Amino acid sequence: MELELRHLKVIRAIDEAGSLTRAATSLGLAQSALSAQLKRIERVLGGTLFVRDRGGARPTPLGELVLDRARVLLPAMRQLQEDAQRFSQTWGEGLRFRIGGTHGPLLGALVDRISELHPEAPLSTVTSWSVSEICDLVLTGRLDFALIGVCGESSPPAADQLAWQPVGRDPVFVMLSERHPHAGDGELELSKLAEERWANAPGDGCFGDCFTAACSRAGFTPLSVFETDTASCVHLVQVGRAVGLCRATFPPTPGIVTMPLTGTPLSWRHLVGHHPGSSAAGGAPTVALHSRQVHGEAARRNPRYVRWLEANARYGTAG
């Protein structure tokens with residue numbers, strides 16, 4: 001016999017009831033049948049789960065261990081079942097994808113994946129440097145979903161009105177020209193870039209302030225920051241006019257190397273949000289699933305990030 005979820009439900013029922021007699025009643029079983037089932041479960045787990053006396057049934061240390069796991073696994077399985085049911089109800093049936101996103105590779109990859117898996121579903125996109133603008137469009141019903149990023153642990157806009165699901169968490173890497181003196185380093189202290197000029201894409205979150213604060217902690221103030229579109233940032237880095245900042249999922253690019261900053265002073269969280277009351281809300285699990293898949297694919301395209309993740313398990317694609 002192998003341990004199954006139904007066995008965990010039995011163990012939890014005995015613990016909640018405090019005795020086999022009451023647990024048998026709640027489960028609709030004869031006490032003898034429940035007792036026999038408990039013995040089979042204990043044989044599988046290799047020890048006694050409950051001390052039974054006139055006072056009822058109390059978990060042993062092994063029983064406490066199993067109950068701790070059951071308190072995590074049973075709600076997770078229930079959530080999985082609910083998500084799967086919603087997913088199956090919306091898969092290919094009335095799905096609509098009006099997606100807003102900030103500029104970056106994840107939105108394009110998400111559009112590609114949705115187009116392949118839901119070829120009949122209406123699909124459109126809006127991009128903006130402003131996360132707040134995208135969220136306003138979702139709140140007013142002009143978009144169904146927002147694929148955005150926020151700096152560090154900061155909250156997304158309209159956190160009390162939109163439902164947000166995590167996609168992934170990335171460290172912020174530095175972009176260097178392949179001819180840069182530090183291009184061959186494994187990782188880089190931010191302080192070693194004190195004399196550099198910087199290139200970065202615009203946005204309306206706190207990232208600029210967090211970058212300035214990180215530089216201050218490293219003992220310097222940035223000489224200058226060229227705030228411009230992504231293509232221009234890449235060009236300035238390639239020709240050696242600046243160094244740049246990017247999420248670790250930034251795709252491999254000719255003439256550029258990306259590397260982690262020592263201590264991970266900056267990080268970025270990818271999120272997908274929707275309005276719970278919208279007609280498209282049923283498709284939210286689908287969009288979240290596809291977003292995580294494209295994030296994972298993007299991470300795997302950067303070998304340096306793959307190696308970095310092996311030692312930094314709290315980052316990467318959301319589970």
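The legends below describe close-up views of aromatic pairs and salt bridges in a predicted model.

**View 1. Phe 207 and Trp 268 form an edge-to-face aromatic pair.** The structure holds 7 aromatic pairs, and one of them joins Phe 207 to Trp 268. The ring centres are 5.8 Å apart, with 80° between the planes. Phe 207 belongs to helix α7 (residues 207-217) and Trp 268 to strand β11 (residues 267-274), so the contact ties together parts that are 61 residues apart in sequence. Both Phe 207 and Trp 268 are buried.

**View 2. Trp 308 and Tyr 315 make an edge-to-face pair.** Their ring centres lie 5.1 Å apart and their planes meet at 70°, so the pair counts as edge-to-face; the cut-off for that class is over 60 degrees. Trp 308 has a relative accessibility of 11% and counts as buried. Tyr 315 is buried as well, with a relative accessible area of 12%. Trp 308 and Tyr 315 also belong to a cluster linked by ring pairs, together with Phe 173 and Tyr 305.

**View 3. Glu 4 and Arg 6 are joined by a salt bridge.** The count for the structure comes to 10 salt bridges, among them this one, in which the closest N and O atoms are 2.7 Å apart. Glu 4 is partly exposed, at 38% relative accessible area. Arg 6 is likewise partly exposed, at 46% relative accessibility.

View 4. Glu 16 is exposed, with a relative accessible area of 61%, whereas Arg 12 is partly exposed, at 30%.

**View 5. Asp 53 and Arg 58 meet through their side chains in a salt bridge.** The N to O distance in this bridge is 2.9 Å. Arg 58 has a relative accessible area of 45% and is partly exposed. Asp 53, at 41% relative accessibility, is also partly exposed.

**View 6. Asp 15, Asp 68 and Arg 71 take part in a salt-bridge network.**

Terms used
Residues are numbered from 1 along each chain as its sequence is written. Side-chain values use heavy atoms; hydrogens and water are left out. Rings of Phe, Tyr and Trp (its six-membered ring) pair if their centres lie within 6.5 Å; planes under 30 degrees apart count as stacked, over 60 as edge-to-face and the rest as tilted. Helices (H or I, at least four residues) and strands (E, at least two) are DSSP runs, numbered from the N terminus. Buried means under 20% relative accessible area, exposed over 50%, partly exposed in between (1.4 Å probe, protein chains only). A salt bridge is a side-chain nitrogen of Lys or Arg within 4 Å of a carboxyl oxygen of Asp or Glu.
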